[in-house]
Amino acid sequence: MTTTRSSIPRQTATLNLAACKLSCTLLLLCLALPVAVPAQTFTSLVAFDQTDGANPYGTLAQYVDGSYYGTTQFGGANGQGTVYHVTPQGALTTLHSFCSLPNCTDSGQPFAGLQLGFDGNFYGTTPNTVFKINTGGQLTTLYTFCSLPNCADGDNTYAALLEAPGGNFYGTTSSGGGVQTFECQGGCGTVFKMTVSGALTTLYSFHGKDGYGPVATLALGTDGNFYGTTPRGGAHGFGTVFRITPAGALTLLHSFGGADGSAPYGRLVQATDGNFYGTTTAGGAFGYGAAFKMTPAGKLTLLRSFNFTNGATPYAGLVQGADGNFYGTTYAGGSGQGNCPNISACGTIFRLTPSGQLTTLYNFCPQSGCPAGGAPFAALALGVDGTLYGTTVLGGSTACGADGFCGTIFRLSLVSP
């Protein structure tokens with residue numbers, strides 16, 4: 001029998017309405033109450049053993065299929081570093097061992113990670129070259145630095161490249177540039193532009209007072225300009241934040257003074273609120289580094305000072321998650337004391353709110369010898385699956401020494417709201 005709306009008893013309708021009101025009230029109460037979030041899951045994916053690489057200092061780059069590509073500074077077939085591919089499950093393939101060509105024309109010891117180009121190839125740097133490598137491992141050297149007298153084109157590239165709209169790459173060198181000062185005898189470093197084919201243009205040469213020795217990857221602002229840091233120089237000698245136009249006009253935005261941070265090594269990130277967020281490796285209230293916010297105009301706010309217990313020496317920059325919070329690592333500090341080779345504590349993974357509230361998500365080296373890795377140097381990579389991926393330069397396999405110096409690849413699964 002078909003039941004019509006008018007045939008529903010009035011009492012039943014009243015009870016259903018009451019139940020609906022009760023359900024809505026309970027729902028609102030549940031939304032208002034704090035929700036217990038399950039603990040994060042840390043997984044060590046790869047322990048390098050020197051034959052497949054050692055000491056990955058660079059940030060992982062995600063490919064369109066969800067896998068990752070990266071570099072190690074040492075290890076591989078010739079001990080000069082590698083380019084590798086790794087799946088989210090930890091299956092690692094060595095794509096290239098540096099110094100494989102006669103006279104090491106492919107160079108070696110890459111410090112930075114890779115940049116996925118618009119053409120589907122990866123682009124990277126060694127201290128003295130820029131290279132291109134495809135997913136099959138075919139490597140091409142595009143440019144060799146210090147090709148001009150007095151290294152006017154720059155030297156010692158430790159930063160990853162940034163590809164901007166239009167297809168050109170932008171980067172920095174930590175020395176060279178042709179400007180000789182008392183502080184930087186070999187040149188204070190440069191900002192450069194490079195085409196996909198390898199034609200390089202030096203946009204700016206630092207001179208010390210505006211900073212020197214840049215090692216961080218540039219960040220592209222929503223205004224079309226590039227933002228970066230130098231770990232030294234500036235008005236007080238503790239490093240700077242700068243803005244540079246695509247044409248090479250540089251503006252000094254902030255000189256660190258120690259109390260607000262010192263020696264920024266990490267890349268800036270422009271957040272959804274339009275401000276830039278970053279870290280310094282030293283300074284702050286306790287001398288162990290700091291996290292800061294800076295407006296595009298250069299007004300800087302100290303958000304958090306690291307005190308060793310919550311981490312120390314954050315070399316890496318921050319990454320913003322879908323929840324609006326920032327995620328990062330510290331190279332040292334944390335609670336894993338006594339288990340880390342060569343340093344007293346092997347670092348942390350943390351979450352930082354835009355207002356500066358810090359939560360430690362993981363302490364490295366809970367076990368002696370750091371079999372799961374320790375001392376993360378590179379920034380975290382946020383996967384399309386919402387999982388954080390990263391590398392450590394210490395711990396893992398003991399093939400690189402009795403204390404384990406080969407490093408690892410890890411992931412941290414987050415439970416997002």
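A residue counts as buried when its relative accessible area is under 20%, and as partly exposed between that and 50%. Tyr331 has a relative accessible area of 18%, so Tyr331 is buried. Tyr315, with 22%, is partly exposed. Keep in mind throughout that this is a predicted model.

Now the aromatic residues. How many aromatic pairs are there? The count comes to 30. I will take two of them.

Tyr63 sits in the loop between strand S2 (61-62) and strand S3 (68-72), while Phe122 belongs to strand S7 (residues 122-126), so the pair ties together parts that are 59 residues apart in sequence.

The ring centres of Tyr315 and Tyr331 lie 5.3 Å apart with the planes at 85°, so the pair is edge-to-face. Tyr315 is in the loop between strand S21 (300-305) and strand S22 (319-320), and Tyr331 is in the loop between strand S23 (326-330) and strand S24 (348-352); the two are 16 residues apart. Both also belong to one aromatic cluster, together with Tyr57, Phe111, Tyr158, Tyr265 and Phe377.

Strand S7, where we found Phe122, is part of an open sheet of four strands in the order S6-S7-S8-S9, paired antiparallel. Which strands stand at the edges? They are S6 (115-116) and S9 (139-144); each has a single partner strand, so one side of each is left without a neighbour in the sheet. The partner of S9 is S8 (residues 129-133), and five bridges join these two antiparallel strands. In one of the bridges, Ile133 is partnered with Leu139 of S9.

Last, the nonpolar cores. The largest has 27 residues, and Phe42 and Ile349 touch the most other members. Strands S25 (358-363) and S28 (408-413) each supply at least two residues of this core. If we leave aside neighbours within four places in sequence, the contacts of Ile349 include Phe42, Leu361, Leu380, Phe410 and Leu412. A separate core has 15 residues, among them Leu162, Cys184, Tyr212 and Phe226. As general background, nonpolar side chains tend to be buried together in soluble globular proteins.

Key. Residues numbered from 1 in each chain as written. Predicted model: local features only at pLDDT ≥ 70, side-chain atom pairs only at ≥ 80, totals over all residues. Heavy atoms only, no water. Pairing = 2+ DSSP bridges. Phe/Tyr/Trp six-rings, centres within 6.5 Å; stacked < 30°, edge-to-face > 60°. Buried < 20%, exposed > 50% of the residue type's maximum accessible area, 1.4 Å probe, protein only. Core = buried A, V, L, I, M, F, W, Y, C linked by side-chain atoms within 4.5 Å. Contact = heavy atoms within 4.5 Å.
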